[in-house]
Amino acid sequence: MISDIVNVIFYLGNCVLLVNLRRMRLEKCWFCSSTVYPGHGIQFVRNDAKIFRFCRSKCHKNFKMKRNPRKVKWTKAYRRLHGKDMTHDSTFEFERKRNRPERYDRNLAENTLKAIKKIDKIRSDRASDHIKNRLKTGKVQRQKEARKQLEQGIHLVKAPHALAQDSSLCLPKIKVNVSQAQTEENQPMEE
Amino acid sequence: MIQPQTHLNVADNSRARELMCIREAVPNTPLERSEVITAVIISTRKELKRDNGMIIRYDDNAAVVIDQEGNPKGTQIFGAIARELRQLNFTKIVSLAPEVL
């Protein structure tokens with residue numbers, strides 16, 4: 001998304017200095033999944049050439065301790081795994097990593113910058129809604145009510161005839177064995 | 001921090017397995033004994049800083065055996081290599097490397 005600025009020409013007096021500027025990329029911290037801005041953090045290259053990027057020494061030290069980020073409560077990996085944060089959303093599609101540099105187009109750059117702002121706002125609104133819903137009280141009560149409503153009102157959804165045929169829609173019928181009363185038949189012992 | 005007595009892994013297929021650093025080589029000085037060889041360090045456990053603010057650290061201290069001109073003695077190189085080697089004109093090593101990071 002961010003275009004390459006390959007050559008910047010500086011004029012120093014009479015001479016012209018050509019400077020090759022590297023492309024800037026915002027990476028994700030391997031441990032906590034926060035963005036690593038240029039000039040921050042440490043990159044570790046393992047012997048199999050896998051790169052681990054860390055945003056700060058806290059994450060780096062946790063990695064050295066061989067901690068699994070999915071078990072460390074404050075990381076994004078943990079939060080997503082345990083349903084604390086939003087996982088699936090269409091706004092995440094925009095943040096996919098693209099390896100092809102785009103030719104600089106002024107309109108494209110302008111629109112992209114505007115879009116980034118808007119998408120960011122939408123994503124954070126949805127994420128905070130997710131958390132709000134999670135923290136709402138009475139979740140168990142609401143689930144009980146929903147279940148009851150389903151039991152009572154299933155005829156609104158499907159006709160009883162269709163229900164009888166399709167067993168997956170009904171709640172399973174539980175058979176309870178009731179012993180027959182046999183007090184009359186049991187003769188008292190003859191004296 | 002590679003200093004004398006540091007043991008380095010050898011990252012190419014020359015028959016050396018491990019090297020011990022005895023001194024930093026001044027470029028273009030001849031070496032006296034035949035067991036002593038020149039090698040160029042390609043990765044260090046100590047972080048190295050780059051001009052763009054990136055700090056990079058490798059998993060081990062590794063070196064590649066070279067001859068007087070700076071050409072590698074071996075034909076293959078294993079593992080990732082620091083990008084700084086290109087700027088220091090070790091082009092043959094950089095071209096053999098599987099990954100330059």
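Me: In this predicted model, what makes the contact of Arg123(A) with Asp120(A) a salt bridge?
Reply: The closest N and O atoms of Arg123(A) and Asp120(A) are 2.3 Å apart, and a salt bridge asks for a side-chain nitrogen of Lys or Arg within 4 Å of a carboxyl oxygen of Asp or Glu, so the pair meets the definition. Both residues lie in helix H3 (residues 106–135) of chain A, three residues apart, which is about one turn of the helix.

Me: Why is Arg123(A) called partly exposed?
Reply: Buried means under 20% relative accessible area and exposed means over 50%; Arg123(A) has 22%, so Arg123(A) falls in between and counts as partly exposed.

Me: What makes the pair of Glu84(B) and Arg50(B) a link between distant parts of the chain?
Reply: The side chains of Glu84(B) and Arg50(B) meet in a salt bridge, at 2.8 Å from N to O. Glu84(B) belongs to helix H1 (residues 84–87) of chain B, whereas Arg50(B) sits in the loop between strand E4 (48–49) and E5 of chain B, and the two are 34 residues apart.

Me: Why is Arg50(B) called buried, while Glu84(B) is called partly exposed?
Reply: The cut-off for buried is under 20%; Arg50(B) has 13% relative accessibility and therefore counts as buried, whereas Glu84(B), with 23%, lies between 20% and 50% and is therefore partly exposed. Elsewhere, salt bridges that share partners join Lys28(A), Glu95(A), Asp120(A) and Arg123(A) into one network.

Me: How do you know that the buried residues of helix H1 (residues 57–64) of chain A lie on the same side?
Reply: The buried residues are Cys59(A), His60(A), Asn62(A) and Phe63(A). They cover an arc of only 165° around the axis, which means that they are on the same side of H1(A). The buried residues of H1(A) pack against E5 and strand E6 (51–54) of chain A, together with strand E5 (55–58) of chain B.

Me: What makes strand E6 (residues 62–66) of chain B mostly covered?
Reply: Five of its five residues are buried. Ala62(B), Val64(B) and Ile66(B) point one way from E6(B), Ala63(B) and Val65(B) point the other way, and all are buried.

Me: How do you know which strands pair with E6(B)?
Reply: A pair of strands needs at least two bridges. Strand E1 (residues 7–10) of chain B is joined to E6(B) by two bridges and strand E3 (residues 38–43) of chain B by five, so both pair with E6(B). E1(B) and E6(B) run parallel, with Val10(B) having Ala63(B) as its bridge partner, whereas E3(B) and E6(B) run antiparallel, with Thr38(B) opposite Ile66(B).

Note on methods:
Residues are numbered from 1 along each chain as its sequence is written. Chains are lettered from A and ligands numbered from 1 in the order in which they are written. This is a predicted model: local features need pLDDT of at least 70, side-chain atom pairs count only at pLDDT 80 or more; totals for chains, interfaces and linings use all residues. Side-chain values use heavy atoms; hydrogens and water are left out. Buried means under 20% relative accessible area, exposed over 50%, partly exposed in between (1.4 Å probe, protein chains only). Helices (H or I, at least four residues) and strands (E, at least two) are DSSP runs, numbered from the N terminus. The arc is that of the directions from the helix axis to the C-beta atoms. Contact means heavy atoms within 4.5 Å.
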